[in-house]
Amino acid sequence: MDIDLSPGLPDLSGFPRSAWWRAERSVLGGAAAAEFAYGDPRGSHTLRQELASWLARVRGVRADPRDIIVVGGVAQSLALVAQTLRAAGTTEIAVEDPGSRGAQDALAHWGLEPVPVPVDEQGLRVAELVRSGLRTALLTPAHQFPTGVVLAPDRRRELLAWANDGGLVIEDDYDAEHRYDRPPVPALQASAPERVVHTGSISKTLAPGMRLGWLIAPRSLQDALVAAKHASDLGSPVLPQLVLARLISHGDLDRHMRLTRGRYRTRRDAFLTALTARLPSVHVQGVAAGLHLLITFPELTGRVDDTDLSESLRGAGVLTHPLSWHRRTPGAPGLVLGYAAHPPDRLREAARRIAETVQSASRARAERKHVPRAVRDYG
Ligand SMILES: Cc1ncc(COP(=O)(O)O)c(C=O)c1O
């Protein structure tokens, strides 16, 4: 049976169906008829009120309900922001390298050219952003995708200085709630609400199929973003918004997150232990957080291509993302491995197949290297 380790998926089998069902029944029983009309394109006031206080508590976000636009996930936020900035004359946007391929494709689709800026163990190299002369940057500061590093305090200060000097940060808070070793760093938006566009969703905490998220922008951009949301779909579906509001107000979302955090931590530990036992030279990047791991193989640089590795793994029934999908600058081969959806036994089995595949790829390469020249020329 295939083991799908594509990054970004929470444990969908753990979706809190009973809590959702209870909340939906109660909402349907209690909502005023007027709630089902075309509403404010920013979304349900009830949900925006709950989000304002929940995001303040869990992420330190500073927002009034009227500053929040309910969207169909971070993907829609990126679409609305890109359209709005493009209409105002922006043509390029700095993106993290490595960084989310999906997010970059979305920006490019809406007419903004992504310009890569390198990421190291401290997060985005802000000095290079400053040197680039770009005025807009998309970042995942709390838990960088795909490296898993957290933007270091010095870099954070430099980035805020850049923003306060006329820059605009788009903060993609895509899985910030899943920190296992300590509470997550507060959102960047908390330090510069007029220079940061903050966006997040329930894709990683509940389920991506819900297509529900939030966008909180500086006041100067709000009218244009609300107009873009209105032009796009007149507003997000109301029933899931009211259900989410109730899950937040009754503590169900917090309870679900506490439960999944413990479960994901156990899974991450099991996977890491199995991987490092079978592949002692593997490099594991990032902090104990999120729904995926990035592993790299520095000693195989230039010898093994991670796209080939990922393809061989597909043949062995393990679906992964090669790091090079999410990277513009060449570097050590690597694999992005989503672990949250699988119990420890499956992850140990995946680690076994990954180790076998990596070992056989590096052996094949070493054998090729030692083939006598005449034979090699023949092939
Ligand atoms: C870094 C990053 N940003 C954004 C998204 C899209 O999130 P959403 O489902 O909220 O649209 C993803 C999805 O996996 C992601 O990995």
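## Pockets, domains and local features of a predicted model

Helix α4 gives the most to the lining of the largest pocket, with four residues. This is a predicted model, in which local features need pLDDT of at least 70 and side-chain atom pairs count only at pLDDT 80 or more, while totals for chains, interfaces and linings use all residues. Residues are numbered from 1 along each chain as its sequence is written, and side-chain values use heavy atoms, with hydrogens and water left out. Helices (H or I, at least four residues) and strands (E, at least two) are DSSP runs, numbered from the N terminus.

**The two domains**

The protein chain is assigned a domain 1 (3–9 + 255–365) and a domain 2 (16–250), and such bounds come from an automatic or database domain assignment. Taken over C-alpha atoms, the centres of domain 1 and domain 2 are separated by 27 Å. In the contact between them, where contact means heavy atoms within 4.5 Å, 28 residues of domain 1 meet 29 residues of domain 2. Together domain 1 and domain 2 bury about 2,400 Å², and 59% of this lies on carbon and sulfur atoms. On the side of domain 1, the residues that lose the most area to domain 2 are Met 257, His 326 and Arg 328, which together make up 24% of what that side buries. Buried area here is the accessible area (1.4 Å probe) that two parts lose on being put together, summed over both. Between domain 1 and domain 2 the count of salt bridges is zero, a salt bridge being a side-chain nitrogen of Lys or Arg within 4 Å of a carboxyl oxygen of Asp or Glu.

**Pockets and cavities**

On a 1 Å grid over the protein atoms alone, a cavity is a set of points where a 1.4 Å probe fits but cannot get out, whereas a pocket is an open set with protein on both sides within 12 Å along at least five of seven lines; lining residues have an atom within 4 Å of a point. Grid points are joined across faces, edges and corners, and a volume is the space filled by probe spheres set on the points. For the classes in the table, Ala, Val, Leu, Ile, Met, Phe, Trp, Tyr, Cys and Pro count as nonpolar, Asp, Glu, Lys and Arg as charged, and the others, Gly among them, as polar.

| Space | Volume | Lining by class |
|---|---|---|
| Largest pocket | about 510 Å³ | eleven nonpolar, ten polar and five charged residues |
| Second largest pocket | about 320 Å³ | eight nonpolar, five polar and four charged residues |
| Largest cavity | about 70 Å³ | four nonpolar, four polar and two charged residues |

The largest pocket is lined by 26 residues, and those nearest its centre are Ser 100, Ala 103, Asp 172, Tyr 174 and Lys 204. Both α3 (74–87) and α4 supply at least two residues of this lining. The largest pocket lies between domain 1 and domain 2, because both domains give residues to its lining.

The second largest pocket has a volume of about 320 Å³, and of the 17 residues that line this pocket, Pro 98, Val 119, Thr 147, Gln 285 and Arg 327 are the closest to its centre. Two or more residues of its lining come from each of β4 (113–120) and β11 (292–296), and β4 has the largest share, with three residues. Since domain 1 and domain 2 both give residues to the lining of the second largest pocket, this pocket lies between them.

The structure also holds three cavities of 30 Å³ or more. The lining of the largest cavity includes Ser 100, Ala 103 and Asp 172, and at least two lining residues are supplied by each of β3 (92–97), α4 (101–109) and β6 (136–139).

**Salt bridges and backbone features**

Side chains of opposite charge can pair when their charged atoms come close. The whole structure has 23 salt bridges. One of them links Lys 229 with Asp 233, whose closest N and O atoms are 2.9 Å apart. Lys 229 and Asp 233 are separated by about one helical turn, because they stand four residues apart in helix α7 (residues 219–233).

In the backbone, a cis peptide bond with omega of about 0° joins Asp 97 and Pro 98, and Pro 98 is placed in the loop between β3 and α4. Another cis peptide bond, with omega of about 5°, joins Phe 145 and Pro 146, and Pro 146 sits in the loop between β6 and α6 (153–164). Arg 211, a residue other than glycine, has a positive phi near 50°, and its place is in the loop between β8 (196–201) and β9 (213–216).
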